[in-house]
Amino acid sequence: MKIYLNGKLYDKKEAKISVFDHGLLYGDGVFEGIRAYNGKVFKLKEHLRRLYHSARAITLTIPMEIAQLEKTVLETLRANHLRDAYIRLVVTRGEGDLGLDPRKCPTPSLLIITDKIALYPQDLYKKGLDLVTVATKRNISEALNPCIKSLNYLNNIMAKIEANRAHAPEAIMLNKDGYVAECTGDNIFIVMNHSLITPPCWAGALDGITRSTVIGLASEKLKIETKEELFTPYNIYTAEEVFLTGTAAEVIPVTKVDDRTIGAGKPGTVTNRLIEEFKKLTQNSGTPIY
Ligand code: PXG
């Protein structure tokens, strides 16, 4: 496996970063998780735009133009002969002396890992997930805005640890006011009265690329509009359908939450149709690798 690191491709074993990198010492950096399907990178421009926005929000300068980074991602995929892949881009503040001041780090680090994708077991898409709401609240926007895809994922990891204790595959996180925000690595949607509702990003959710894609598909293909509104766990328990969206999970049904059965206890028709449309779109669109 070849890894892109600061201008060169290295073998996996040789791709190394300094122990003085502030990405490691302080979580000072940003990242993206992207997928390629069938020889094409899905929503590459959208993911890169979000990466540059995350970087700008933390005053980190990505050491190349967006068009050049797009080319570099494609070159890394070609070097690994990949057609279906998971792409992980990381930009860190770079190497610097101890002390959290970013001015200690003159040169940011940029790395691109392209790997085979580990798919979720297919039966989860047929049965639906059994989730829990956890006590760990989503970071407040005034402290660290959840729109920034930063290397500080401890908030989400704390929630994930709670989910693990409950043997649940994901955790539903509330914001400090008790409204549903998102999951540790996925956005959440509910179906109520045949319309879709998802929390607004300002309530503490990442502006997910899959989330936006699904809002578009629901409107264009299913003629169902999405409301971005606050809701509580009660609205989840009483929803007709619930599903999650994310680059890794794609669109995945939720059939149980906190021991309450959702709807009929099996994936609903809206969810199933969105899974189908999402699959078509990922197979047939994107930036060609070759
Ligand atoms: N919320 C959070 C907190 C996320 O980290 C999403 C929602 C879904 O966003 P997208 O844009 O993917 O639809 C994410 C995405 C990883 C990995 O390496 C993490 C994500 C995506 C892909 C891979 O663990 N998080």
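**The ligand site**

Modeller: The ligand lies between domain 1 (2–115) and domain 2 (124–284), because both give residues to the shell around it; the domain bounds come from an automatic or database domain assignment. This is a predicted model: local features need pLDDT of at least 70, side-chain atom pairs count only at pLDDT 80 or more, and totals for chains, interfaces and linings use all residues. Residues are numbered from 1 along each chain as its sequence is written, and side-chain values use heavy atoms, without hydrogens and water.

Colleague: How many residues surround the ligand, and which are the closest?
Modeller: The ligand has 19 residues around it, the closest being Y86, Y153, E182, T210 and T247; near means a heavy atom within 4 Å.

Colleague: Which oxygen distances do you have for Y86?
Modeller: A side-chain N or O atom of Y86 is 2.3 Å from a ligand oxygen atom. For Y153, a polar side-chain atom lies 2.5 Å from an oxygen atom of the ligand, and T247 also has a polar side-chain atom 2.5 Å from a ligand oxygen.

Colleague: How does the shell divide by residue type?
Modeller: Into four nonpolar, nine polar and six charged residues, with Tyr counted as nonpolar and Gly as polar.

Technical notes. A polar contact is a pair of N or O atoms within 3.5 Å; within protein, one must be able to donate a hydrogen and the other to accept it, and residues adjacent in sequence count only if both atoms are side-chain atoms.
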